[in-house]
Amino acid sequence: MQAWRVHRNGEPNEVMRLEETDRPTPGDGQVLLKVLAANINFPDALLCRGQYQVRPPLPFTPGVEICGETPDGRRVLATPALPNGGFAEYVVADEAALLPAPEALDDAEAAALHIGYQTGWFGLHRRAHLQAGETLLVHAAAGGVGSAAVQLGKAAGAKVIGVVGGPEKAKTAHELGCDLVVDRRSEDIVAAVKGFTGGRGADVVYDPVGGDAYVKSVKCVAFEGRVIVVGFASGVIPTPALNHALVKNYSIVGLHWGLYNTKDPAAVRACHEELTALAAQGVVKPLISERVALDGAAAAVQRVADGTSTGRIVVLAGGAR
C-alpha cells in the first residue's frame with residue numbers, strides 16, 4: 001500500500017515521504033480499516049516536528065483521525081494506532097473505540113467530526129458548563145478546532161465572539177455564525193469584547209492558541225468566567241498569573257480530550273451520539289476548505305502547520321464519497 005512516512009523530524013513538507021510499504025497487521029482487539037478520508041490536525045504537524053506529547057518511533061505515518069471502512073463494509077470513525085497513522089491507504093485501530101460515521105455527512109466531513117468536535121463538546125459542556133445566553137470567546141475561530149467550537153457554542157444558545165487573523169478568515173467566521181468577529185491584526189480584542197458585553201467580558205474563553213491570545217483573554221474574562229486551555233498553536237505556552245485569577249475570580253481549566261478515551265470511554269460514545277444528532281439536524285457541519293488526494297498530503301499538512309488554512313483540510317483516499 002501507499003503511506004506517507006516520516007524518517008526524521010522537521011517541517012512536514014520536508015520530512016514526509018510517500019512510500020510503498022506493507023499493510024499494518026492488526027493485533028488483539030484491533031481491526032484493519034481501509035482509509036476513506038483522513039482529517040489533518042495541528043498535532044500531525046507537531047508529530048512531524050517531534051513536538052507532540054506522543055513521540056512514535058521513526059519511521060512513522062502521521063494522521064490522527066480518519067473515516068474508514070471495516071472488512072464487513074461499515075463506515076466508521078477511528079483514531080489509528082500510531083506509528084501507523086491515517087495518511088495511508090490502510091490503518092489498524094482498536095475495534096472497541098470505533099464509532100459509526102454519521103449518515104448525514106460524507107467521508108471528509110465525517111473524518112472531521114471526531115477529535116475537533118469532541119474536544120469542543122467536552123470543553124464547552126463538561127469543563128466549562130456553558131449556558132444559553134452566555135458569551136463565548138473563541139480564538140482561531142476560522143480554523144478547524146475553532147470553527148467546531150463556534151458551531152457548538154451557537155447550538156448551545158451562546159453569543160459567540162470569534163477572533164481571527166485577517167479579512168479572509170473574518171469572512172469565514174461571519175459565515176459560521178459568529179455574533180461578533182474580531183480581527184486580531186487590526187482590532188483590539190479586549191476593547192471589542194468589553195464593548196460587545198457592556199463591560200462584563202466573556203463568560204467562557206476557548207483557547208487553542210496560547211501565547212498572546214491567552215494574555216488578552218484573561219484581560220476580558222467575566223466574573224466567574226472560565227478559560228478553557230485547549231492547545232498552544234502559537235508555539236508559546238503561557239504562564240498563568242494565579243494571583244490574577246484569584247483577584248478577578250475566574251477559572252483556568254485544562255482540557256486533554258484524549259484522556260477520556262482511556263478514563264471514560266462511555267462519555268466519548270455519548271458525546272458522539274450527541275454530535276451525530278446535531279449533524280442530522282444540520283446544526284453542526286464540519287467546514288471543509290480543501291479535499292486533497294493522498295499525494296497532496298505533505299503540502300496540506302504544511303499549510304495547517306503554517307496557519308494559512310481555514311476550516312479543515314481532508315486527505316481523500318480511494319473510494320471516498
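# Close-up views of a predicted model

**View 1. The hairpin of β4 and β5.** Glu69 has Arg75 of β5 as its bridge partner. This is a predicted model, in which local features need pLDDT of at least 70 and side-chain atom pairs count only at pLDDT 80 or more, while totals for chains, interfaces and linings use all residues. Residues are numbered from 1 along each chain as its sequence is written, and side-chain values use heavy atoms, with hydrogens and water left out. Four bridges join strand β4 (residues 65–69) to strand β5 (residues 75–78), and the two run antiparallel. Strands pair here if DSSP finds at least two bridges between them. Strands are DSSP runs of E with at least two residues, helices are runs of H or I with at least four, and both are numbered from the N terminus. Five residues lie between the strands of this hairpin, and Gly73 takes a positive phi near 90°.

**View 2. Strand β4 beside β3.** β4 is largely enclosed by the rest of the structure, because four of its five residues are buried. Buried means under 20% relative accessible area, exposed means over 50%, and partly exposed is in between (1.4 Å probe, protein chains only). β3 and β4 run antiparallel and are joined by five bridges. If you follow the pairing along, Val35 stands opposite Gly68 in β4.

**View 3. Strand β15 and its two partners, β3 and β14.** With four of its five residues buried, strand β15 (residues 312–316) is largely enclosed by the rest of the structure. Strand β3 (residues 30–39) pairs with β15 in the antiparallel sense over three bridges, and here Leu316 of β15 is the bridge partner of Ala37. Strand β14 (residues 288–293) runs parallel to β15, and five bridges join the two.

**View 4. The surroundings of Ala37.** Ala37 lies in strand β3. Is this residue buried or exposed? At 0% relative accessibility, Ala37 counts as buried. Contact means heavy atoms within 4.5 Å. Leaving aside neighbours within four places in sequence, Ala37 is in contact with Glu65, Ile66 and Cys67, with Asp107, Ala108 and Ala111, and with Val314, Val315 and Leu316. Ala37 and Gly68 are 31 residues apart in sequence, while their C-alpha atoms are 6.8 Å apart in space.

**View 5. Ala112, in the loop between α3 and α4.** The loop that holds Ala112 runs between α3 (107–111) and α4. Ala112 has a relative accessible area of 1%, so it is buried. Which residues does Ala112 contact, leaving aside its neighbours within four places in sequence? They are Asn39, Glu65, Tyr117, Pro286, Ile288 and Arg312. One of these contacts, Asn39, is 73 residues from Ala112 in sequence, with the two 5.5 Å apart from C-alpha to C-alpha.

**View 6. Helix α4, mostly covered.** Ten of the 13 residues of helix α4 (residues 115–127) are buried. After α4 comes His129, and its phi is positive, near 50°.

**View 7. Helix α12 and what it packs against.** Helix α12 (residues 297–306) is mostly covered, with seven of its ten residues buried. These buried residues are Ala297, Ala298, Ala300, Val301, Gln302, Val304 and Ala305. They pack against β1 (2–6), α1 (12–15), β2 (16–20), α2 (42–49), β14 and β15. Gly307 follows α12 and has a positive phi, near 75°.

**View 8. Zooming out to the protein as a whole.** The protein has twelve helices and 15 strands. Its C-alpha trace spans about 60 × 40 × 35 Å along the principal axes. With 321 residues, a compact globule would have a radius of gyration near 20 Å, and the 19 Å of the protein agrees with this. That radius is taken over C-alpha atoms, and the globule rule is 2.2 Å times the number of residues to the power 0.38. Buried residues make up 53% of the 321 residues. Of the contacts with a separation of 6 or more, 67% come from residues 24 or more positions apart.
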